[in-house]
Amino acid sequence: MTLSVHTFVYDEQGRSHLLDDPEDGSDMAGTEVCRTTLWGSDAARALGARFFPELATGDLYVEPEDVDDFLAECELLHRNAATLAGGSGHRRDYAAARLANITAAALRARAVGGGVLVW
């Protein structure tokens, strides 16, 4: 299985709806094992990540009001992609590419007042 990243919005009744995925396949957030080996890793936690480690135990929902903080965390991990990937068995470019996809979804979310789902 693979992890996917999506942007969602809430309707007037408070129900969430996923927006259409980009056609270029940039909804990939890693393989299922990345939940613990990359995003929920000790390295991610040591860098100060607080959103991504949630993937170690479940899906990650970033609410609209948290998107700016989430984007800051994406930037932190991107700047430290070599450290993040170092202990995971993944290459730096693999981690950086998945972070780019996640960041793009978060930027789309911010533009429409929505949130981010990684699952």
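Visitor: Hi! How many salt bridges turn up in the whole structure?
Guide: Hello! A search of the whole predicted structure finds 7 salt bridges. As background, side chains of opposite charge can pair when their charged atoms come close.

Visitor: Nice. Which residue does Glu32 meet in a salt bridge?
Guide: Glu32 pairs with Arg35, with an N to O distance of 2.6 Å.

Visitor: And is Arg35 buried or exposed?
Guide: Arg35 is buried, because its relative accessible area is 12% and buried means under 20%. Glu32, on the other hand, is partly exposed at 32%.

Visitor: What about Asp59, which side chain does that one meet?
Guide: The side chain of Asp59 forms a salt bridge with Arg35, at 2.8 Å from N to O. Asp59 sits in the loop between α2 (42–46) and β4 (60–62), while Arg35 belongs to helix α1 (residues 34–39), so this pair ties together parts that are 24 residues apart in sequence. Asp59 itself is partly exposed, with 33% relative accessibility.

Visitor: So which residues are linked in that network of salt bridges?
Guide: Glu32, Arg35 and Asp59 are linked in it.

Visitor: Let's move on. Which residue forms a salt bridge with Arg110?
Guide: That would be Asp68, and the closest N and O atoms of the two are 3.2 Å apart. This pair links distant parts of the chain, 42 residues apart: Asp68 is in helix α3 (residues 67–79) and Arg110 is in helix α5 (residues 92–112).

Visitor: How does Asp68 count for accessibility, buried or partly exposed?
Guide: Asp68 counts as partly exposed, at 48% relative accessibility. Arg110 counts as partly exposed too, with a value of 48%.

Visitor: New topic! Which residues gather in a patch of negative charge on the surface?
Guide: Asp20, Asp21, Glu23 and Asp24 make up that patch.

Visitor: Where is Asp24 found?
Guide: Look at the loop between β2 (16–18) and β3 (28–31). Asp24 is exposed there, because its relative accessible area is 62% and exposed means over 50%.

Visitor: What joins the side chains of Asp24 and Ser26?
Guide: A polar contact of 2.7 Å joins them. Ser26 also lies in the loop between β2 and β3.

Visitor: Last one: is Ser26 buried or exposed?
Guide: Ser26 is buried, with a relative accessible area of 14%.

Methods:
Residues numbered from 1 in each chain as written. Predicted model: local features only at pLDDT ≥ 70, side-chain atom pairs only at ≥ 80, totals over all residues. Heavy atoms only, no water. Patch = residues over 30% accessible without salt bridge, like charges linked within 9 Å, V, L, I, M, F, W, Y side chains within 5 Å. Areas by Shrake-Rupley, 256 points an atom, 1.4 Å probe, with all protein chains shown as cover. Salt bridge = Lys/Arg side-chain N within 4 Å of Asp/Glu carboxyl O. Lys, Arg positive; Asp, Glu negative; His and termini not counted. Charge placed at Lys NZ, Arg CZ, Asp CG, Glu CD. Helix = DSSP H or I, 4+ residues; strand = E, 2+ residues; numbered from the N terminus. Buried < 20%, exposed > 50% of the residue type's maximum accessible area, 1.4 Å probe, protein only. Polar contact = N/O pair within 3.5 Å; in protein donor to acceptor, adjacent residues only side chain to side chain.
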